[in-house]
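Work through these exercises with the model open beside you. Try each task before you read its solution.

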Amino acid sequence: MGLRTADEYRASLQDGRVLWYRGKRVDDVLSEPDLRVAVDHSAIDFMIGHDPAYRELAVASDPHSGEEFSAYYRIPRSAEDLLARMRLIETTTALGGTLISLKDVGTDALFALHTVLQGVEQQRLTAFYEHCRANDLAVAVAQTDVKGDRGKAPHEQEDPDLYVHIVDTSDEGIVVRGAKAHTSLTPNCNEVLVLPTRAMRADDADWAVGFAVPPNTPGVTMYVSPYSAGTRHPWENPISSRHKMLETLTVFDDVFVPWERVFCCRQPELAGPIALAFVEYHRFTAISYKLPLLDTLVGAAAEIARMNGVLTAGHIRDKLTRLVIYAETVRTVCEAAARRGRVDADGFCRPDSATTNIAKYTFATGFHDAVRAVQDCAGGLLVTGPGGDDWDSPEIRPVLEKYLRAAAPAEERLAMINLISDLTVRDFGGYHAVLAVHAEGSIEAEKMQIFRAYDATRAIALARRLANLD
């Protein structure tokens, strides 16, 4: 099929998938305005493949057949490939107003599965990967189970459906039941790839399952989060009026999955390795897509300080310097994670796990302090300023232009105020704040992986030598 256009992508979503939004069944994801904003946002990943300004970054080709495909599907074989993927993700996120676009997460999972699976499961995965690449499909990942009592293993839950599990098998395939939470992009994807969420023991065999199904498969129902719902004035909400990502509670109610789409079946020994492999690629994607957000915070803080006439104040320069240090530290460590990447026996280059998690930890633990610094540079107009209807009013606008100017005209100053408010104060800002803590794994999960992945051999050897023990 080759590279699809944005309109071809949009049309592919009209397939009868079962969506519920704000208490009502949605028959067409394109017909609901809130959901359509997210679809148009995700269409960025299809637009760039046909835009001469981005083609070199966005399009790859098969060295044997010459077939072109989305560069998201290019298997990273070297550190340079990882850096190219980082630049691709950073570029699309910048085009998407600091929000991740669409194809990133699914390809993370496909790469991860390639590094873990063997035998017939790997053959199935390879066929699925080739199908998605050839047809330029968008794959969403459903990994996080609803979990129930977090202190209990899957098989110990009072309700077995609190982790997705196998309820039947036959010569044709398996039947699964349960639910996944926080599944990003599912309402506007072409395939849903389900992964285990944690390490499992032999008693959890029924819950050790991984598979892929189209989102319109009978028994799949998606309940879309209403967060950031409603029409937004583009002057007040310069980003969130045009960019949105959808998350769902994704329920599997006795869903049949044919064997060719089953990648893990009652194999608890694979559950942990699959989850960790996905983390390696997905957290690298996470720190890549956070870079435009950090750049925007630095730029917006500097510009509003200039517009307020306080750019030379010592405490403002201190805040701006700290913001620069924060943003550039995350960028530098992200690049280091790629450059330290190691090629495995199958030729896949994997980002360095310890470095990737250090970058993600640095971002997550510094984000709220960065937001506070930007808000301090901006001032109280972030929450007391006029609205879009006021600015549109011919009677009110002259008053606002007279009294809300500073070292810059009111039009420019209020535009920057609204950008900062959208990013840090309003519900889109709250969304970013929660993502910083929980998306792609919690801060505690990052700390655990840093400790697990760090090779202390060199440090211990040096300490022992200096202590005259060796």
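**Exercise 1.** Which handedness does the crossing of H8 and H9 have?

*Solution.* Start with the source. This is a predicted model: local features need pLDDT of at least 70, side-chain atom pairs count only at pLDDT 80 or more, and totals for chains, interfaces and linings use all residues. Residues are numbered from 1 along each chain as its sequence is written, and side-chain values use heavy atoms, with hydrogens and water left out.

Step 1. Find helix H8 (residues 268-308) and helix H9 (residues 314-339). Helices (H or I, at least four residues) and strands (E, at least two) are DSSP runs, numbered from the N terminus.

Step 2. Look at the axes of H8 and H9: they come within 10 Å and cross at roughly 160°. Axes are lines fitted to C-alpha atoms, for helices over the stretch in contact, and angles run from 0 to 180 degrees between N-to-C directions. H8 is therefore roughly antiparallel to H9 (an angle over 145 degrees).

Step 3. Read the hand. The crossing of H8 and H9 is left-handed: the near helix is turned anticlockwise from the far one by less than a right angle.

Step 4. Check who touches. Contact means heavy atoms within 4.5 Å. H8 contributes residues including Phe284, Leu291 and Ala305, and H9 residues including Ile316, Tyr326 and Arg331.

**Exercise 2.** In what order do the four strands of the open sheet lie?

*Solution.* Step 1. The order is E5-E8-E9-E12, with mixed pairing. Two strands pair if DSSP finds at least two bridges between them.

Step 1. Find the edges. They are strand E5 (139-142) and strand E12 (262-265), and each pairs on one side only. From one strand to the next, the twist averages 20°.

Step 2. Follow one pair. E5 and strand E8 (residues 191-194) run parallel, joined by four bridges. Alanine 142 has valine 194 in E8 as its bridge partner.

**Exercise 3.** Is valine 141 buried or exposed?

*Solution.* Step 1. Locate valine 141 in strand E5.

Step 1. Its relative accessible area is 8%, so valine 141 is buried. Buried means under 20% relative accessible area (1.4 Å probe, protein chains only).

Step 2. List its contacts. Beyond neighbours within four places in sequence, valine 141 touches residues including Val105, Thr183 and Phe278.

Step 3. Compare sequence with space. Valine 141 and valine 194 are 53 residues apart in sequence, and 5.9 Å apart C-alpha to C-alpha.

Terms used: Parallel < 35°, antiparallel > 145°, perpendicular 65-115°, else oblique. Buried < 20%, exposed > 50% of the residue type's maximum accessible area, 1.4 Å probe, protein only.
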